[in-house]
Amino acid sequence: MTTLTIAPVLIPLLAGTGLLLSRRLIPLWARRGFNLAAVGVQVAVAVMLLATVSSGEVLTYNLGNWPAPYGIVLVADRLAAWMLLITALLAFFALFYAMQGTDRGSRHFHSMYQLQLLGLNGAFLTGDLFNLFVFFEILLLASYGLMVHGGGARRIRAGLHFVVLNLAGSTLFLFAAGTLYGVLGTLNMADLAVKLAETPPEDVGMARTAGLLLFAVFALKAALVPLHLWLPAAYSATSAPVVALFAIMTKVGAYCLLRVGTLMFGPEAGPVAELYTSWLLPLGLVTLLLGALGALSADELKRQIAYLVVVSVGLLLTAFGLDSTAGIAAGLYYLVNTTFGTAAFFLLADVIASRRGAALDRLRVGPKMSQAGLVGGLFFFTALLVVGLPPLSGFIGKFLVLQAALESARWPWILASVLTAGLLGMIALGRSGSVLFFKTAKGSPIAADPSASIEAWQHEHAGNGTMRLLAVMGLLALCVGLLAASGPMVDFCTATADQLLHPQGYIRAVLAPLSAGVNP
Amino acid sequence: MEALMSLMVGVLTACGVYLMLRARTFPVVLGLTLLTYAVNLFLFASGRLTIGAPPIIHDGATHYTDPLPQALVLTAIVISFAMTAFVIMLSLKARAELGNDHVDGRPSQGDAP
């Protein structure tokens with residue numbers, strides 16, 4: 001059973017390496033099939049892992065069989081398995097979309113795709129702070145490659161900013177990890193949790209500094225205000241399947257904030273307890289509102305969706321910042337909905353752009369698109385999902401967050417911000433929908449500008465549009481499934497939140513000596 | 001030695017941050033490099049500075065050097081080296097695509113074909 005814990009790391013590593021080495025040997029269709037099969041296996045593994053840990057058991061894998069505080073350990077609990085499954089499902093549909101032609105843009109798309117998954121899966125599983133840094137670097141290096149996939153001036157410019165910003169973030173991460181090691185002498189997250197609770201008074205300042213440095217790093221990854229400015233530029237410039245996969249990238253930051261915030265700086269952490277929660281809630285609310293304003297001001301659909309990602313990050317971290325079982329559970333439920341919803345929306349925006357000639361996804365009068373009824377229907381459905389209107393799962397997620405917020409002392413602030421942001425998002429998407437689908441004109445009133453012509457060319461040479469819509473529908477079907485299974489899902493999220501807020505089980509599973517035979 | 005070490009980390013970080021805020025890609029890359037040097041020194045010192053001691057514990061040894069920061073620094077060096085190589089390639093690509101080495105691609109020229 002312990003090998004199951006490392007499988008989500010090994011499969012993409014081997015598949016990515018295999019794809020890299022066999023690039024000249026096997027044709028594109030074979031690479032596509034191999035990649036899709038590898039992602040399919042990861043979905044299966046994630047389901048098995050989730051089934052195993054849903055009982056509340058915490059699986060660990062000691063790399064090199066070194067016992068925990070000395071070696072690197074991979075840990076699979078409910079949250080990690082939940083994130084792995086979301087990642088694998090998202091990757092499957094994004095890849096399916098990419099296979100319809102987008103993957104021709106660069107030679108190593110498929111191997112980088114698997115390496116990106118390696119970084120993501122590793123970041124979710126690792127129980128060691130420095131190892132988390134290493135997996136961050138793996139996922140970032142792959143994401144740099146994927147981000148500029150296809151080329152073009154706009155993508156390169158946005159890519160340069162993205163890379164430099166993340167490199168600065170990585171440096172901060174190392175400073176934080178070095179400080180924690182200098183003060184406490186360990187990097188194992190469970191061991192850190194134990195030692196942080198017993199921080200001697202003279203070191204509390206240093207420990208808090210390191211903790212807040214980590215907070216800044218994760219906030220940068222999660223695009224929390226004021227570190228959110230990179231996101232709209234980066235997400236609106238890159239290609240559709242890549243940005244769909246990137247929908248999970250901000251959630252990596254949110255995941256780390258949740259994991260580190262509950263495990264290392266949780267309620268039982270003594271002198272450094274509740275270090276993150278006092279920051280998460282206000283920053284989350286500001287993120288919500290600024291994101292919604294950005295969505296109103298955006299002049300192209302992809303940028304608008306990117307701002308809606310910022311909104312969803314705000315709501316997610318508000319929920320996590322409530323620091324109650326109900327709040328975290330609501331956040332975890334909402335996380336699934338927003339990941340699949342925004343990914344589907346990005347893919348749909350690309351389909352829309354490919355059918356509007358030179359107007360692309362800009363929110364101006366453009367030519368009437370083919371299959372406008374079908375595409376418009378999907379747009380309406382996705383918009384409801386992302387903004388969180390009934391009857392879809394977005395609404396349930398938002399409702400759960402608001403319900404959990406009522407227990408907080410700051411409920412007026414939370415309710416006011418969330419509902420205002422919802423209204424603004426609704427206005428923004430309503431306006432975009434009416435411009436895209438109703439205000440159509442014969443011919444194209446917009447002169448094609450050269451930077452857009454590359455994209456237009458790519459669209460012309462892209463594959464079958466109906467197959468692309470299938471990927472969108474797949475992601476939306478997952479959200480419908482989430483809605484249909486809301487009861488069990490919420491139960492599972494509540495159990496996960498409970499496990500997070502009582503980290504003793506996690507700590508015991510990691511630090512139990514090897515001789516005690518904890519491995520089932 | 002502690003004073004010298006912390007001074008070096010501080011000076012390198014300050015120079016790195018200053019250069020990173022410049023408007024051309026070359027100083028930005030240099031700034032990132034200096035920043036990674038600073039963090040490598042910092043990580044190295046996080047296990048406390050010891051001179052002339054073995055990095056292992058064995059019978060009869062009265063003091064030792066912490067071996068873990070050395071392993072961490074090695075990892076950090078490899079990663080930062082790869083990242084620097086990547087960011088240099090990206091800057092060259094940006095120079096070719098955008099026609100100049102401004103970090104924002106200088107819109108007035110960037111829009112020209």
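B:Arg48 is located in the loop that runs between helix H2 (25–45) and helix H3 (68–98) of chain B. The model is predicted, and in it B:Arg48 has a positive phi of about 70° although the residue is not a glycine. With a relative accessibility of 54%, B:Arg48 counts as exposed. A positive phi is also found at A:Ala223, again not a glycine, where the angle is about 65°. A:Ala223 belongs to the loop between H8 and H9 of chain A. Its relative accessibility is 0%, and A:Ala223 therefore counts as buried, the cut-off being under 20%. Most residues other than glycine have a negative phi, and most peptide bonds are trans.

The loop between helix H8 (204–222) and helix H9 (230–237) of chain A also contains A:Pro226. The peptide bond joining A:Val225 and A:Pro226 is cis, with an omega of about 5°. Another cis peptide bond leads from A:Pro390 to A:Pro391, with omega near 10°. A:Pro391 lies in the loop between helix H15 (372–387) and helix H16 (393–405) of chain A.

Of the eight residues of H9(A), seven are buried, so this helix is largely enclosed by the rest of the structure. The buried residues in H9(A) are A:Trp230, A:Leu231, A:Pro232, A:Ala234, A:Tyr235, A:Ser236 and A:Ala237.

The UniProt record, an unreviewed entry, places the feature "domain: NADH:quinone oxidoreductase/Mrp antiporter transmembrane" at residues 127–422 of chain A. This span is 75% helix and 0% strand, and the C-alpha atoms at its ends lie 36 Å apart.

Over all chains, the count of salt bridges comes to seven. One of them pairs A:Asp103 with A:Arg32, with 2.7 Å between the closest N and O atoms. A:Asp103 is placed in the loop between helix H3 (78–98) and helix H4 (109–125) of chain A, and A:Arg32 in helix H2 (residues 28–53) of chain A, so the pair ties together parts that are 71 residues apart in sequence. Both A:Asp103 and A:Arg32 are buried. A salt bridge is also formed by the side chains of A:Arg468 and A:Asp350, at 3.5 Å from N to O. Because A:Arg468 lies in helix H19 (residues 465–484) of chain A and A:Asp350 in helix H14 (residues 325–354) of chain A, this pair ties together parts that are 118 residues apart in sequence. A:Arg468 and A:Asp350 are both buried.

In chain B, a salt bridge links B:Glu97 to B:Lys93, and the closest N and O atoms are 3.5 Å apart. The two residues B:Glu97 and B:Lys93 are four residues apart in helix H3 of chain B, and so about one helical turn separates them. B:Glu97 counts as partly exposed, at 32% relative accessibility. B:Lys93 is likewise partly exposed, with a relative accessible area of 39%.

The size of an interface is often given as the accessible area lost when the parts come together. Between chain A and chain B, about 2,700 Å² is buried, and 81% of this area is on carbon and sulfur atoms. In chain A, the residues that lose the most area to chain B are A:Leu160, A:Phe175 and A:Tyr181, which together account for 23% of what that side buries. The contact involves 28 residues from chain A and 34 residues from chain B.

On the surface, A:Leu10, A:Leu13, A:Leu14 and A:Leu115 form a nonpolar patch, and their accessible area together is about 320 Å². Helix H1 (residues 2–21) of chain A supplies the largest share of the nonpolar patch, three residues. A:Leu14 is located in helix H1 of chain A. The relative accessible area of A:Leu14 is 59%, and this residue is therefore exposed, the cut-off being over 50%.

Technical notes: Residues are numbered from 1 along each chain as its sequence is written. Chains are lettered from A and ligands numbered from 1 in the order in which they are written. This is a predicted model: local features need pLDDT of at least 70, side-chain atom pairs count only at pLDDT 80 or more; totals for chains, interfaces and linings use all residues. Side-chain values use heavy atoms; hydrogens and water are left out. UniProt positions are given in the numbering used here, feature names are shortened, and annotations may be inferred rather than shown by experiment. Patches are made of residues with over 30% relative accessible area and no salt bridge: like charges are joined within 9 Å, nonpolar side chains (Val, Leu, Ile, Met, Phe, Trp, Tyr) within 5 Å. Accessible areas come from the Shrake-Rupley method with a 1.4 Å probe; for residues, only the protein chains shown count as cover. A salt bridge is a side-chain nitrogen of Lys or Arg within 4 Å of a carboxyl oxygen of Asp or Glu. Buried means under 20% relative accessible area, exposed over 50%, partly exposed in between (1.4 Å probe, protein chains only). Contact means heavy atoms within 4.5 Å. Buried area is the accessible area (1.4 Å probe) that two parts lose on being put together, summed over both.
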